[in-house]
Amino acid sequence: MSELAWLDAALAGARPRAVGALLRYFGNLDLAEEAFQEASLRALRSWPRNGPPRDAAAWLILVGRNAGIDLTRRRAKETELPPEEALSDLEDAEAAMAERLDGADYRDDVLRLLFTCCHPELPATQQIALALRIVCGLTVPQIARAFLVGTAAMEQRITRAKARIAQAGLPFEAPGPVERAERLGVVAAMAYLVFNEGYSAGAATAGARAPLCLEAIRLARLLLRLFPAEPEIMGLAALMLLQHARSPARIDRNGEAVLLEAQDRSLWDRGQIAEGLAMLDKALRHARPGAYQVQAAIAALHARAGRAADTDWAGIDRLYASLERLQPSPVVTLNRAVAVAKLQGPAAALEMIEPLGGRLADYFHYHGARGAFLQQMGRAAEARTAFDRAIALATTPAEAAHIRLHLDSLASGAPAS
Amino acid sequence: MLYAILCYDSEEAVGAWTAEQEAEVMGRLLAVQAGLAEQGRMGPVARLLPTTAATTVRKGQEPLVLDGPFAETKEQLLGFYLIDCASLEAALQVAKDLAVASGGGTGAYEVRPVLTFQPGDAPSSGGPLSTDKAG
């Protein structure tokens with residue numbers, strides 16, 4: 001690896017902790033970010049010459065703090081400055097500072113930084129963009145590419161999000177245990193949103209969006225380091241790893257999406273599966289089930305099946321039943337129906353999803369699944385109507401293409417899949 | 001004599017590598033391993049999952065199970081090699097070769113002489129040189 005590459009990796013690894021601490025110090029997202037940029041520039045000059053510091057985050061915080069103070073001084077003399085004793089000499093203070101910043105202090109800093117990005121007044125897309133920019137350190141053009149918008153538009157979106165946060169005020173008091181748990185839940189949901197932005201991308205955009213999945217997994221690992229005993233965070237990490245492990249098999253050579261059942265399982269990433277299964281084992285020990293753990297357990301049953309035919313559909317049915325209790329939603333029931341179709345046949349599955357028709361009337365997957373069940377039952381005309389409806393609702397070319405395959409097989413009288 | 005070469009690095013930094021960087025580093029580390037294997041000096045190699053996957057059992061009157069690694073450190077144990085070396089100098093040379101192959105930057109290789117070694121008969125996971133990786 002080139003020198004620049006390891007520097008980049010070291011800076012990226014230290015970034016959440018460093019920006020989190022600078023945010024606590026300055027109380028201003030823009031200044032914290034600028035101070036971190038400045039510290040990174042100095043690291044690029046100093047680390048190759050002097051070797052990397054023992055604690056990259058502590059180094060960046062100290063240097064960033066001084067740089068931020070300089071910036072403030074230069075800009076506005078009237079801005080109130082932190083007390084002089086806070087401005088310590090780098091050489092003397094590095095070791096002591098590194099010790100003091102360990103563990104618990106970092107934890108609330110990073111959580112605050114993440115929580116700031118998921119301010120409830122921000123729409124989900126802005127939360128994700130902000131987290132990718134500020135926590136993960138992706139550049140605006142990188143984020144713009146992932147969201148398929150222009151750089152200027154994304155720049156504007158992020159600026160607007162920051163302005164809204166500045167107006168709303170930041171949560172600077174140290175959170176109590178209940179509040180900390182609530183914040184952790186909000187942040188976990190944001191990390192999963194980032195993951196899904198990447199994971200749900202169609203074949204055409206998968207390349208541009210793949211980095212989002214990796215960033216989300218890094219966020220989950222970061223949360224795990226801060227909260228090592230939270231089973232739902234373990235579940236979240238497991239869920240992301242087990243789903244992402246399938247990525248190499250999800251798109252074929254022609255750029256078409258490949259359904260789970262048809263995937264070449266030898267392409268699945270064994271390392272990510274091993275890590276995901278390990279995280280799930282750890283989570284289940286706590287016997288405190290939650291929605292992420294159950295979804296991870298479902299993904300684990302798929303991961304453990306050597307062939308699609310070996311899938312433990314009864315186990316998946318049971319897990320979806322738990323998920324329906326933990327997190328009732330027509331979409332969960334729809335997913336459960338797929339397992340029920342495998343176990344009891346399409347008629348039982350169809351009966352299960354018919355009551356959802358009202359709430360899922362505009363949901364692509366509802367009509368796709370309904371069409372497939374009808375097709376399996378030999379009710380071709382009704383199946384065609386359902387598939388036509390699904391195509392009308394498809395949001396990506398891959399979704400539409402998949403339904404067209406069903407329609408083709410109806411037309412040719414081929415066995416239903 | 002057998003030497004353990006323990007690989008330490010910041011897993012946050014290693015976790016920030018791109019797939020290409022990872023493949024590049026692993027390729028170079030495997031080349032070092034291949035050279036040692038030719039001389040019949042390679043012992044077992046292990047690459048560990050991140051410390052987020054770790055669980056710790058603390059000894060006491062009642063063993064206590066804790067999530068996470070046994071100690072919070074700035075650099076984590078990522079994996080290890082066991083290598084047959086004629087001298088400390090030879091073992092240090094292997095560690096230096098690995099350090100160069102892993103591309104500089106942060107981290108360290110700790111060289112520890114092995115007191116006893118039982119190869120055991122557990123099945124290996126992953127192929128010998130193709131998938132066993134140590135950072």
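Let me start with helix α8 of chain A, which runs over residues 151–168. Its 18 residues reach 26 Å from the first C-alpha to the last, close to the 26 Å expected at 1.5 Å a residue. The buried residues of α8(A) are Met154(A), Arg157(A), Ala161(A) and Lys162(A), and, seen down the helix axis, the buried residues fall within an arc of 130 degrees, so they line one face of the helix. Those buried residues pack against α2 (29–50), α6 (124–134) and α7 (140–146) of chain A, while on the other side of α8(A) the exposed residues are Ala152(A), Ala153(A), Thr159(A), Ala163(A) and Gln167(A). After the helix comes Gly169(A), whose phi is positive, near 90 degrees.

Turning to the core, the largest nonpolar core has 144 residues, of which Leu60(A), Ala131(A), Ala191(A), Ala220(A) and Leu223(A) touch the most other members. Helix α1 of chain A, residues 3–26, gives the most to this core, with 13 residues. If we leave aside neighbours within four places in sequence, Leu60(A) is in contact with Ala14(A), Ala18(A), Phe36(A), Ala39(A) and Ala43(A).

Finally, a word on confidence: chain B averages a pLDDT of 88, with 92% of the residues scoring at least 70. Over residues 127–135 of chain B, however, pLDDT stays under 50, and the model has 26 contacts beyond four places in sequence for that stretch. Where pLDDT is low, predicted coordinates should not be read in detail.

Conventions
Residues numbered from 1 in each chain as written. Chains lettered and ligands numbered in written order. Predicted model: local features only at pLDDT ≥ 70, side-chain atom pairs only at ≥ 80, totals over all residues. Helix = DSSP H or I, 4+ residues; strand = E, 2+ residues; numbered from the N terminus. Expected span 1.5 Å × (residues − 1). Buried ≥ 20, exposed ≤ 12 C-beta atoms within 10 Å, placed from the backbone. Arc of directions from axis to C-beta. Contact = placed C-beta atoms within 7 Å. Core = buried A, V, L, I, M, F, W, Y, C linked by C-beta atoms within 7 Å. pLDDT = per-residue confidence, 0-100.
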